[in-house]
Amino acid sequence: MPRAGRLIKPLLNADPVYGNRLVTRLVNRVMQSGKKRVAEQLVYDAFDGVKAKGEDPIKVFETAVATVGPKMEVKTRRVGGASYQVPMEVRGDRRVALALRWIVQYAKKRSNREFHTFSEKLAAELIDSSKGAGEAIKKRDLVHRMADANRAFAHFKW
């Protein structure tokens, strides 16, 4: 941590199509090698795919991020030569960052048989996550189970 106090992160600009900062964060997460236009097009195509299913893409996206974001996670603490997995509450910005990371990660891993493009995979993962069914939800449940299993070490939290 810096000696001068906490760093204040600069606010991201809202994306031009939907006017939403969270969509900008998703675009930045999808972006590879600095190709922002390609990432934007992939995300917007995925949102069009969600719209084609008859649902509001922003509402589905925000629901998916809120659903996937973990409330508890484990962090390793060394106490007296032993390492313990200590359950800790996940703060707001990290919760959103983990949710976006997991959604994009598991969208990339989806089967090529049913979906041909990344935008189709992302749209399917967003819809599944908003309904509580996708692989990102399984990851969140796994993290919650780990935190629950290590509740005995919660007193090492400081």
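This report describes the overall make-up of a predicted protein model and then two of its residues, Val 30 and Ser 119.

The secondary structure of the protein chain consists of six helices and two strands. Along the sequence these elements follow the pattern α-α-α-β-β-α-α-α. Taken along the principal axes, the C-alpha atoms fill a box of roughly 55 × 40 × 25 Å.

Of the 158 residues in the protein chain, 37% are buried. The accessible surface of the chain is about 9900 Å², and carbon and sulfur atoms account for 51% of that surface. Among contacts between residues at least 6 apart in sequence, 59% join residues at least 24 apart. The protein chain carries 32 positive and 17 negative side chains, and the centres of these two sets are 9 Å apart.

| Residue | Helix | Relative accessibility |
|---|---|---|
| Val 30 | H1 (residues 21-30) | 6% |
| Ser 119 | H5 (residues 118-130) | 11% |

Val 30 counts as buried because its relative accessibility is 6%, and buried means under 20%. Leaving aside residues up to four places away in sequence, Val 30 touches Ala 39, Leu 42, Val 43, Val 104 and Phe 118. Val 30 and Val 96 are 66 residues apart in sequence, and their C-alpha atoms are 14 Å apart in space.

Ser 119 also counts as buried, because its relative accessibility is 11%. Apart from residues up to four places away in sequence, Ser 119 touches Leu 42, Asp 45 and Ala 46.

Key: Residues are numbered from 1 along each chain as its sequence is written. This is a predicted model: local features need pLDDT of at least 70, side-chain atom pairs count only at pLDDT 80 or more; totals for chains, interfaces and linings use all residues. Side-chain values use heavy atoms; hydrogens and water are left out. Helices (H or I, at least four residues) and strands (E, at least two) are DSSP runs, numbered from the N terminus. Buried means under 20% relative accessible area, exposed over 50%, partly exposed in between (1.4 Å probe, protein chains only). Contact means heavy atoms within 4.5 Å. Accessible areas come from the Shrake-Rupley method with a 1.4 Å probe; for residues, only the protein chains shown count as cover. Lys and Arg count as positive and Asp and Glu as negative; His and the chain ends are not counted. The place of a charge is taken as NZ of Lys, CZ of Arg, CG of Asp or CD of Glu.
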